[in-house]
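Good morning, and thank you for making time for this presentation. Please look at the sequence and the structure as I go through them.

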Amino acid sequence: MADVAAERTRPIERVRGAGLEKVLPYLFLAPALLLVLAVIAYPMIRGFQISTQFYRFGRPLRSVGLDNYREALDDKVFRAAVWTTIRYVFFAVLFETLLGLVLAMLCVRELPFIRAVRLVLIIPMIVTPVIVGLVFRLLYASDVGLLTIISHNLGGGDVGLLSKEGSAFWAIVLLDVWEWTPLMFLILLAGLQSMPQEPFEAAKVDGASGWRTFLDHTLPLLKPVLAVAIVLRTLDAFTTFDQIYVLTQGGPGTSTQLVAYYGYDSFFRFQRYGFAAAMLIMCALVLLAFSAMAVRMLRRMDR
Amino acid sequence: MEGRQEEQLALSRRRFIQTGLAAGGALAAGSVLAACGGSSGGGTSSAAAGSTAAAGAASGTGTEDLKGTGQIIIGGFEDGALEPFKKVILPLFTQETGIKTQFLLEPYDSFFSKAFQDGTSKSGQFDIYIMDDPWIPQYAAGGVLEPLEQYGLTAEDTYPAPFIDLGFWPPKSGPRVKGFEDQDPTLVALPTIGDLQTLTYRNDVFTGGAPKTYDEFVKTAGDAQKAGKIKYGYVFRGVKGNPIVGSWWPVMQSYGADMFDDKWEPIFNSAEGKASAAFLLQQLKAIAPPDVAEYNSDQEGAAILGGDAAAAIQYSGAAIKSDDPAQSKAVGKLDFGVTPAQTKAVSQLGIFIHGISSGAPNKDNAVIFCKWFAQDRIQIELARGGDLPVKRAGFEDQQAVSQHRLLPVALAQLDSGCTPRPRTPDWSEAEVIIGTALNQALVKGTDGSAELDQAAKDVKAKLDSLGYY
């Protein structure tokens, strides 16, 4: 028996003897690390490399340093796209957060059929974005769109949401809200369900109103989850492309042209690889800075 | 114990939140950057493949020399016009030559970038690309297409000149982009399917036949609309970019304007250009659907085929649907004609054109296909199958004409005037600028004059940054 135990410890001793003890964890981590390098680090490095080249006819002709970055900053279409994207993200995430919170508060209680209701509420999120774009096109189209048909039945005229700059912008915000409110709902619902019950019971005993309880207990306890949800949605909304491609192609004018769509046009249609890469890298850096700020903010909250 | 558990819980929650954020940030940044990191590898056109038995075969002759084994992979973009090609031509090719075909279709934008990447990286996904003709400058300048004359493929004079000229790079006429000024034009692609804009009109509105001038057109259509005979006098594509530029093109050309002069100076904001834009944005808009700014080809087609519009200027692939009861509610009421003239009747040309990929894995078979397809009798088959051919023999075949009444009208349009888009790899970017300006003017309800001036400045600045001047 003792021999068997000694036999079992031998390989470990051998490892210790070889001094591999400290290396072993890293060896175990290596496959995952290599994968991360391949799928995240390489595209980033390659992207940066492309952004410093001047491309013509699909080929890199010369290195131009940071000229593509300067050109992007001087480009009024890019600046307009950034501004449109910021407004789009702000309003979309704002409405999604508010609606998601309201829905989560309503669905947190265990009522009859609540599971079915929760299931129905998350359906928009699981539909492919391109399909969502097509569905909303059939909804918004001024000739055969559902809104126009309803308007005609009520004695009104064509509803041309996508033919005017202002309404087209709000139309794509509405689409995003419809599609992504369920994500906020799910995250916030999970947050609400994992809250400790004691503070709420104490508040009830003290006779606090529902609104007071929400402000004093629910919201503070939900803050970290809320922050995560907002940051994740912001990062995702910033890269919105599919719905714009299907629905408006950035128009009318440039009213719905988001950064991702302009980047696509520049990269794939105009073959201005360096310029497009510079533009998107700048956006990625802004997003990284935003994430870093959010992490710091959360650390402070936790303290 | 309980306290420690709580601490562990708090710790794990904090870690979860922080890790989630960091991962989210990295993923978002990664996805943005991954878009930039796509292969854009360089590489020039490979040297011509070795001579083949097929290469020696005479073009336009019988099929005895055009035999092979194996397969070819043909790639194209999704378009109704490729249906007869797929159903009639490809099976016939396999039957006559013994070469099997794989026909891969993708959405327009997707195939444009995919095929270009395939050609530059020589990954060998396709043997033959079926392209839109404005792609030729980008593809040829990028070394994606094989020069064809080395395989005995020539620009036969049985192709109408406006068609076959599009297969040359640098272009045989007109301005050239920097770096290609002194090169001899090389044949890199052959026309596949003819496509051009013609007028589709309601014969119960334009009772005297196709209107000869735009003024006559607007008056007749406008009167019919006012009289309640038809819902809209005209329908056009108003979406920014290519759609609205395509709608403006026949009017602009008809007024005697053009996009660029011989030195690539934008001249679309000339007096004629502005007058034509004002005509589209005000007079034609007045008789069009009120939300025409969001109309693309599907809505344009729905309006004319649904019986709501009195006329549309559209490409052949859309026009031929007029006689199909499965797609049109106005069968028998729609006729075709040459586009109206202000100073001349000119429309836009936009043919399907095919070339051999410089990375083609089955180059010999691709050459056989090009030679086989260039024969007059195959063009007649194409015309009889319902497509617009690219050789006069197809246009003039009596059986084809009796089956497809658009054919003689398309030939008349070709003879009257039909111009391609500017032969520059940077046209798509210029088109987006011009098309955005026109769309903005359409939405605002202006005559487009100020917008065109601004667009001309923007296009010039863009071309300047690319070394045009």
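Predicted model: local features only at pLDDT ≥ 70, side-chain atom pairs only at ≥ 80, totals over all residues.

**Chains, domains and contacts**

Residues are numbered from 1 along each chain as its sequence is written, chains are lettered from A and ligands numbered from 1 in the order in which they are written, and side-chain values use heavy atoms, with hydrogens and water left out.

Cys107(A) counts as buried because its relative accessibility is 5%, where buried means under 20% relative accessible area, exposed over 50% and partly exposed in between, with a 1.4 Å probe and protein chains only. Cys418(B), at 10% relative accessibility, counts as buried as well.

Next, the two chains together. How many residues does the contact take from chain B and from chain A? It takes 60 from chain B and 63 from chain A, contact meaning heavy atoms within 4.5 Å. About 5,200 Å² is buried between chain B and chain A, and carbon and sulfur atoms give 57% of that area. Buried area here is the accessible area (1.4 Å probe) that two parts lose on being put together, summed over both.

Between chain B and chain A the count is six salt bridges, each a side-chain nitrogen of Lys or Arg within 4 Å of a carboxyl oxygen of Asp or Glu. Asp298(B) and Arg137(A) form a salt bridge through their side chains, at 2.8 Å from N to O.

Finally, chain A itself. An automatic or database domain assignment divides chain A into domain 1 (2–51) and domain 2 (70–302). Their C-alpha centres lie 40 Å apart. Four residues from domain 1 of chain A and five residues from domain 2 of chain A make the contact. The area buried between these domains is about 340 Å², with 85% given by carbon and sulfur atoms. Across this interface the rule finds zero salt bridges.
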